[in-house]
There are 2 protein chains.
Amino acid sequence: MVKDQFVQHIQSLQNKICANLEQIDGKAKFIADKWERPGGGGGTTRVISNGAIFEKGGVNISIVQGELSPMAAQQLKVNGENFFAAGLSLVIHPFNPMVPTVHANWRYFEVYDAKGKVTDAWFGGGTDLTPYYLVEEDVIHFHATQKKCCDAFDKKLFSQFKAQCDSYFSNHHRGGERRGVGGIFFDHCRGNEEYSLDFWKEFTEANGNIFLDGYLPIVENHKNDSFTDANKYWQEIRRGRYVEFNLLHDRGTLFGIKTNGRTESILMSLPPIVRFDYDYQPAAGSEEERLLNLLRQPREWV
Amino acid sequence: MVKDQFVQHIQSLQNKICANLEQIDGKAKFIADKWERPGGGGGTTRVISNGAIFEKGGVNISIVQGELSPMAAQQLKVNGENFFAAGLSLVIHPFNPMVPTVHANWRYFEVYDAKGKVTDAWFGGGTDLTPYYLVEEDVIHFHATQKKCCDAFDKKLFSQFKAQCDSYFSNHHRGGERRGVGGIFFDHCRGNEEYSLDFWKEFTEANGNIFLDGYLPIVENHKNDSFTDANKYWQEIRRGRYVEFNLLHDRGTLFGIKTNGRTESILMSLPPIVRFDYDYQPAAGSEEERLLNLLRQPREWV
């Protein structure tokens, strides 16, 4: 069954990602919090903090089911009596401002009618990179890794999912300034005449499996970079924008909060130390301004 | 006219509050940003930062009018063609964790039909205190000041507005943990058989006029208190909850963001430096835990 296979996949992917991040960090270990959902199911939140590289990060899985509340049905724009949802969600905030933050999520939903028949099922997910300083080779590498993964399934997918990522991770209240330099974002991927549900399962799993290939080389490249207090200050300012996006706009976060999800697991995504200055503007011609200009006008990288 | 009188009031109140806060701070001065709203009207954002006492604060007025957008009408739950809104909004974040954060807002709305006739008009506002360490005399003083102000108008008002404040400033996603120790909150105060619109104007103005009486003595009492790194850490954790409330739940913030308000003026309310730890728990029996317990179970102070 699609459902059981995907659950096995995210469980082993969580282990693999945590093990690799621990290895590169070399100092901190992930702790695990297993939790149960009162309405059915539960999850394992794995959190790393104060590492040599990773200041705060979470790699969480949740496998939940139960009654579809009116609020959840409204948020998901579906009708049904019951639901099943499984997903892996991760956000990694490095200490060194030269190492980008990364986010990824892969998820599967099923909706059932009163008789328990599956009436709807879809996959969603993606990954996106949030650098504090722009190193073009890194962004090209990250996007190329995503493109290669997409192209193996259908050459049409990457450009569509890349555009959706730029469009989704946008701080609309800041004139469409993007949260980062993007990646891919896909959602509501249902089985249809063109692609089967199994196609999307394979795709979503493959995208999870190549996550480390996209991110780890960038960490490796910059983990020993030197930085100044001013670089750290800028990182904290940019982290403020990350908080704004997640709490004001992110559908996953708002869905979790509105449907009484586990708050600590949902808000694990927030950066560890954040700065909100009034009307902060980077100096003209600076590296900080160069990044900001790019976030306002996303580029095609590959 | 109610409208013109209230505009004059908030203009002079802004000057008075800024002058008094500058005086007690003794180091930093407010800067002023005047801005215009593309659809009509504008405001003056006044911001203080890196003071001897006040790490970040804003005392803003806005006086705006124009077409009532469908989004604004939906948010306000009103019908009409045009609107007028005037308000003063302030948030003060002291550096010393022994000095509480304070917030206040006083506002007036008018809605017009296609012929320009006023079809709806109401006042709203209030003030609330967010300490990081609980000093009961301070909270009693703050609430007593509010009660005295309310009682001069009608003895019924305080308990109602105090309860509304506790109910409004609640982080629902954290089991109803309150943002602070409350104060008063009132909204949709229209003229009716019991109270005239003029009654509410007088009340709202009076509440603005006693704001400093409630807050300044508390600042004076604690501005020279010593504190540890651990106290500062706790302040930064609690500031995280302030951010969560403002971005996830605060109607004023979400209204501003959704109706394309001036982002920097709206988000001036966010604390300067904030910490988000995974599942932070204060030590059993600590002062930090004592505060948290109170935030979960608000008390009657006067």
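View 1. Of the 124 residues in the largest nonpolar core, Phe161(A) and Phe161(B) are the ones that touch the most other members. A nonpolar core here is a set of buried Ala, Val, Leu, Ile, Met, Phe, Trp, Tyr and Cys residues joined through C-beta atoms within 7 Å. This is a predicted model, where local features need pLDDT of at least 70, side-chain atom pairs count only at pLDDT 80 or more, and totals for chains, interfaces and linings use all residues. Residues are numbered from 1 along each chain as its sequence is written, while chains are lettered from A and ligands numbered from 1 in the order in which they are written.

View 2. Phe161(A) sits in helix α4 (residues 157-168) of chain A; helices (H or I, at least four residues) and strands (E, at least two) are DSSP runs, numbered from the N terminus. Is Phe161(A) buried or exposed? Phe161(A) is buried, because 24 other C-beta atoms lie within 10 Å. The cut-offs: buried takes 20 or more other C-beta atoms within 10 Å of a residue's own, exposed 12 or fewer, and partly exposed is in between, with C-beta atoms placed from the backbone. Skip the neighbours within four places in sequence, and Phe161(A) is in contact with Gly126(A), Cys150(A), Ile184(A), Phe185(A) and Phe186(A). Contact means that the C-beta atoms, placed from the backbone, lie within 7 Å. The C-alpha atoms of Phe161(A) and Gly183(A) are separated by 8.0 Å, although the two are 22 residues apart along the chain.

**View 3. The seven-stranded sheet of chain A.** The strands form an open sheet in the order β1-β2-β3-β4-β5-β6-β9, with antiparallel pairing. Two strands count as paired if DSSP finds at least two bridges between them. β1 (31-36) and β9 (182-189) of chain A are at the edges with a single partner strand each, so one side of each has no neighbour in the sheet. From one strand to the next, the twist averages 5°. Helix α3 (residues 136-151) of chain A lies across β6 and β9 of chain A and runs at about 30° to β9(A). Axes are lines fitted to C-alpha atoms, for helices over the stretch in contact, and angles run from 0 to 180 degrees between N-to-C directions.

View 4. How many of the six residues of β1(A) are buried? The count is zero, so to speak a strand that is hardly covered. Six bridges hold β1(A) against β2(A) in the antiparallel sense, and Ile31(A) stands opposite Val47(A) in β2(A). The two strands form a hairpin with four residues between them, and Gly40(A) in the turn has a positive phi of about 135°. Next along, β2(A) and β3(A) form a hairpin with four residues between them, where Asn50(A) in the turn has a positive phi of about 50°.

View 5. Strand β3 (residues 54-67) of chain A is mostly covered, with 10 of its 14 residues buried. Nine bridges join β3(A) to β2(A), antiparallel, and Ile48(A) has Gly57(A) as its bridge partner in β3(A). β3(A) also runs antiparallel to strand β4 (residues 82-94) of chain A, joined by 13 bridges; there, Val64(A) stands opposite Ala85(A). Strands β5 (residues 101-112) and β6 (residues 118-130) of chain A run antiparallel too, over 12 bridges, and Trp122(A) in β6(A) is the bridge partner of Phe109(A).

**View 6. Where chain A meets chain B.** 24 residues of chain A are in contact with 24 residues of chain B. β2 (41-49), α7 (229-249), α9 (263-266) and β10 (273-275) of chain A each supply at least two residues of that side of chain A, and α7(A) gives the largest share, four residues. By class, this side has 14 nonpolar, four polar and six charged residues; Ala, Val, Leu, Ile, Met, Phe, Trp, Tyr, Cys and Pro count as nonpolar, Asp, Glu, Lys and Arg as charged, and the others, Gly among them, as polar.

View 7. A rotation of 180° with 0.0 Å of shift along its axis superposes chain A on chain B (RMSD 0.0 Å). The two copies are therefore related as by a two-fold rotation axis. Superposition is by least squares on the C-alpha atoms of residues with pLDDT of at least 70 in both copies. Which residue of chain A comes closest to the rotation axis? Val274(A) does, at 2.5 Å (C-alpha). Three bridges join β10(A) to β10 (residues 273-275) of chain B, antiparallel, and Val274(A) has Val274(B) as its bridge partner.

Note on methods
Two residues are in contact if their C-beta atoms, placed from the backbone, lie within 7 Å.
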